[in-house]
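User: I am new to this structure and would like a close look at a single part of it, the salt bridges between helices. Please take me through them slowly.

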Amino acid sequence: MLERDQPRSVVSLETEDPVVTASADELLLWVARGDEAAFGQLYDAVSGAVFGLVRRVLRDHAQSEEVFQEVMLEVWRTASRFDPERGKAMTWILTMTHRRAVDRVRSAQAAADRDERVAVLGATTPFDEVVEQVTERLEQRKVRRCLGFLTELQRESVQLAYYQGYSYPEVARLLDVPLGTVKTRMRDGLIRLRDCVGVTA
């Protein structure tokens, strides 16, 4: 079992000439204590394997670089969670890397699927009658400013109806939420918008 005391092969920040002979496990333990020199050594030791794994999952070079930096930042921030009794540092880091890369793939796919649903529905659907009655009196600039005060679901629902003309059922399909939820969020969101821009019912 690794000692939590400073290993001979790892140096603290006070040491001017670090010795690059520490294992990844030892380095990660020192990174957990905030040792930047140890993190620099760990970065050099694992960056090739981390970037290689990310690139194999994502294939896109620019996105791979982004995810690589996210992983290394996460290693720095969460190093204290590493337990050498439960496995090797490299395994811990590569597991984190794979999870991040897969999350990015899923996020990109979800965005693509949503864009496709919007494209299929088109942008020519007439406004929902209730939305039209409320929004026809609202000035666009004020509405956009006040949209920032809504919850994410309220904002997305109102934007799809107000700016793109989708009805409640279509908004529910686009956001993949129940129709009743959309109606409630739209009602609450439009009330908050109305109050924000100072329009009386």
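Glutamate 70 counts as partly exposed, at 29% relative accessibility, where partly exposed lies between buried, under 20% relative accessible area, and exposed, over 50% (1.4 Å probe, protein chains only). This is a predicted model, in which local features need pLDDT of at least 70 and side-chain atom pairs count only at pLDDT 80 or more, while totals for chains, interfaces and linings use all residues. Residues are numbered from 1 along each chain as its sequence is written, and side-chain values use heavy atoms, with hydrogens and water left out.

The partner of glutamate 70 is arginine 104, and the closest N and O atoms of this salt bridge are 2.9 Å apart; the term requires a side-chain nitrogen of Lys or Arg within 4 Å of a carboxyl oxygen of Asp or Glu. Because glutamate 70 lies in helix 3 and arginine 104 in helix 4, the pair ties together parts that are 34 residues apart in sequence; helices here are DSSP runs of H or I with at least four residues, numbered from the N terminus. Arginine 104 itself is buried, with a relative accessible area of 18%.

A second salt bridge joins glutamate 74 to arginine 99, with the closest N and O atoms 2.8 Å apart. Glutamate 74 belongs to helix 3 and arginine 99 to helix 4, so this pair ties together parts 25 residues apart in sequence. Glutamate 74 is buried at 13% relative accessible area, whereas arginine 99 is partly exposed at 41%.

Notes: Helix = DSSP H or I, 4+ residues; strand = E, 2+ residues; numbered from the N terminus.
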